[in-house]
Amino acid sequence: TRRSSDLPDGRVSGYLNDSTGAGGFGHSALFVELYDDNGNTSGIAIYEVGATDQEGNFGLDKYNQPIRDTENRTTKVLSHAKVGGIASSSNSSGDTDQAGVFVRKYEGTNAEKILQNMRDDPVNQRYDNVLIMSTSKKQDCDIRSEAEDRGKNFGRYKVIRNNCTEYATNCLKEGGWKTNVKVVPNSERKQLLKNNEVRHEDWSK
């Protein structure tokens, strides 16, 4: 496991894991670097499956509160629907019967500085296991394309299928992350740590 701060080409993607979420089974999300039309870094986006309000206007944090935009962060809901299958209380991001995919974008031109802004954002301080991998621009674009497509066509959240981890790891897999796509967030974290060269951080405070 790489623990130094070096990112050889300055480009990143990552897996976010809250090991205490969903009654101890965990919660997960992914992030990926963004680029402008000239191929320069323009920010990092977190794609996450979680609770939304009834209109799908906001993602909700682990306290079931709307994730409001800030000066450096904008939030957009890609999809939302009623929770399917097991009761909504199992939803990894709050007690609600609505869930979907939302994206939080952090602007900037330097990946490490953007990551620091993400660490300092209280919304992200639920994540006690953050895996960061150096990926190429093409890999990042492949991850983002998959995240956008799966996000807009996510359908209904279910605890043991079509959940936060299945979404995150399928998207990362498009960018070269090695994974067996397990549906339990904490189990998937262990697989990713075992099979990939990553930087492992704790953002919880």
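**Exercise 1. Find out how far helix α3 is covered, and by what.**

Helix α3 is mostly covered, with eight of its 11 residues buried. Keep in mind as you work that this is a predicted model.

Step 1: list the residues. The buried ones in α3 are Cys164, Thr165, Tyr167, Ala168, Thr169, Asn170, Cys171 and Leu172.

Step 2: look at the surroundings. The elements covering these buried residues include the strands β1 (12–18), β2, β3 (41–51) and β5 (98–107), along with the helices α2 and α4 (185–195).

**Exercise 2. Describe how α2 and α3 pack: at what angle, with what handedness and through which residues?**

Step 1: take the geometry. Helix α2 spans residues 137–152 and helix α3 residues 164–174; they pack at an angle of about 145 degrees, and their axes are 7 Å apart. The crossing is right-handed.

Step 2: collect the contacts. From α2 come Asp142, Ile143, Glu146, Ala147, Arg150 and Gly151, while α3 brings in Tyr167, Asn170, Cys171, Leu172 and Glu174.

Step 3: sort them by class. The contact of α2 with α3 has five nonpolar, two polar and four charged residues.

**Exercise 3. Characterise each aromatic pair in the structure.**

Step 1: count. There are two aromatic pairs.

Step 2: take phenylalanine 31 with tryptophan 203. Now place the partners on the chain: phenylalanine 31 belongs to strand β2 (residues 27–35) and tryptophan 203 to the segment after β7 (199–201), so the pair links distant parts of the chain, 172 residues apart. Phenylalanine 31 has a relative accessible area of 0% and is therefore buried; tryptophan 203, at 2%, is buried too.

Step 3: turn to phenylalanine 154 and tyrosine 167. With centres 6.1 Å apart and planes at 90 degrees, the pair is edge-to-face. Phenylalanine 154 sits in the loop between α2 and α3 and tyrosine 167 in helix α3, so the pair ties together parts that are 13 residues apart in sequence. Both of these residues are buried.

Key:
Residues are numbered from 1 along each chain as its sequence is written. This is a predicted model: local features need pLDDT of at least 70, side-chain atom pairs count only at pLDDT 80 or more; totals for chains, interfaces and linings use all residues. Side-chain values use heavy atoms; hydrogens and water are left out. Axes are lines fitted to C-alpha atoms, for helices over the stretch in contact, and angles run from 0 to 180 degrees between N-to-C directions. Helices (H or I, at least four residues) and strands (E, at least two) are DSSP runs, numbered from the N terminus. A crossing is left-handed if the near helix is turned anticlockwise from the far one by less than a right angle, and right-handed if clockwise. Contact means heavy atoms within 4.5 Å. Ala, Val, Leu, Ile, Met, Phe, Trp, Tyr, Cys and Pro count as nonpolar, Asp, Glu, Lys and Arg as charged, and the others, Gly among them, as polar. Rings of Phe, Tyr and Trp (its six-membered ring) pair if their centres lie within 6.5 Å; planes under 30 degrees apart count as stacked, over 60 as edge-to-face and the rest as tilted. Buried means under 20% relative accessible area, exposed over 50%, partly exposed in between (1.4 Å probe, protein chains only).
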